[in-house]
Amino acid sequence: MSGEALLEVRGLTAGYGGAPVLHGIDLTVPKGAIAAVVGANGAGKTTLLRALSGMLRPTAGRVVLAGEDLRGVAVEQLVRRGMAHVPEGRGVVGELTVDENLRLGGLWRRDRADAARALDEVYQLFAPLARRRRHHGHQLSGGERQMLALGRALVGRPRLLLLDEPSLGLAPRVVAQTMALLRRLRDDTGLTVLLVEQNVRSALSIADEGVVMSLGRVVTTAPAARLRDDADLRHAYLGF
Ligand code: ATP
């Protein structure tokens with residue numbers, strides 16, 4: 001990958017209860033790139049996002065965001081540094097309204113005026129959320145919850161968006177809209193995205209770079225278009 005690196009990961013090792021899952025991940029994501037992390041179930045994709053966002057403490061390795069080593073930085077501080085994680089299952093609070101959920105994304109921000117601007121922008125971006133401002137999280141459809149989780153992350157004006165399975169359970173039309181939106185955000189705001197997806201074709205269709213994981217390792221990194229179009233590469237690494 002070319003361009004100035006926003007995220008640099010070196011030798012990242014992490015696991016659960018002493019059982020390693022990630023075995024020394026090396027990864028570089030340039031500023032303003034969309035990188036899709038793909039691979040079989042259990043490859044460690046979700047674990048990678050957790051280790052990056054501080055949900056899981058790495059046992060070894062280095063994560064550098066915009067030139068700053070994140071070792072020892074507290075989880076809540078990672079958000080301030082620009083890391084936003086939208087986990088699988090999305091974490092929308094069902095008992096809170098759409099508006100309250102979105103405001104959670106900006107609670108920590110000191111620049112209240114910009115947090116309010118970011119909230120307005122999210123409502124412009126996601127018209128269904130603006131219409132359902134006072135509805136509770138549990139009243140929303142799967143697609144609307146996905147928008148809400150993404151919107152909440154965007155209210156924090158992240159530099160790096162870690163997105164886990166945004167297409168899970170969504171209709172193909174909504175998946176296409178979500179992917180197009182990520183592309184637009186990248187183009188308009190320079191957002192950098194690390195996207196974990198089971199839906200490999202959709203992910204590679206919008207990504208710049210494809211990162212293939214297997215058994216807790218990165219087995220290849222290639223331009224997404226090459227991974228998508230080169231049958232030999234696809235057979236070798238993605239099994240289709
Ligand atoms: P999937 O697409 O199925 O979520 P993945 O590539 O995201 O797959 P992970 O969810 O990161 O893979 O899982 C990698 C390995 O870690 C698997 O062997 C899984 O069983 C194990 N694992 C995941 N979460 C936990 C956990 N909370 N406790 C213990 N082991 C876990």
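Predicted model: local features only at pLDDT ≥ 70, side-chain atom pairs only at ≥ 80, totals over all residues.
## A closer look at H6

Let's stay with H6 for a bit. Twelve of its 14 residues are buried, so the helix is largely enclosed by the rest of the structure. The buried set includes Gly-143, Glu-144, Gln-146, Met-147 and Leu-148, and Arg-152 and Val-155 are also among them. Here, buried means under 20% relative accessible area.

What about its length? Just past the helix, Arg-157 takes a positive phi of about 45°.

## How H6 sits on the sheet

H6 covers residues 142–155 and lies across E6 and E7 (160–164). Relative to E6, the helix runs at about 170°.

Those two strands belong to an open sheet of six, laid out in the order E6-E7-E8-E3-E9-E10, with mixed pairing. At the edges you'll find E6 (83–86) and E10 (217–223), each of which pairs on one side only. Going from one strand to the next, the twist averages 15°.

## Over at the E10 edge

Now hop across to the other edge strand, E10. Its partner E9 (residues 209–214) pairs with it in the antiparallel sense, over six bridges. If you want a spot to look for, Glu-209 stands opposite Pro-223 in E10.

Technical notes:
Residues numbered from 1 in each chain as written. Heavy atoms only, no water. Pairing = 2+ DSSP bridges. Helix = DSSP H or I, 4+ residues; strand = E, 2+ residues; numbered from the N terminus. Axes fitted to C-alpha atoms, helices over the stretch in contact; angles between N-to-C directions. Contact = heavy atoms within 4.5 Å. Buried < 20%, exposed > 50% of the residue type's maximum accessible area, 1.4 Å probe, protein only.
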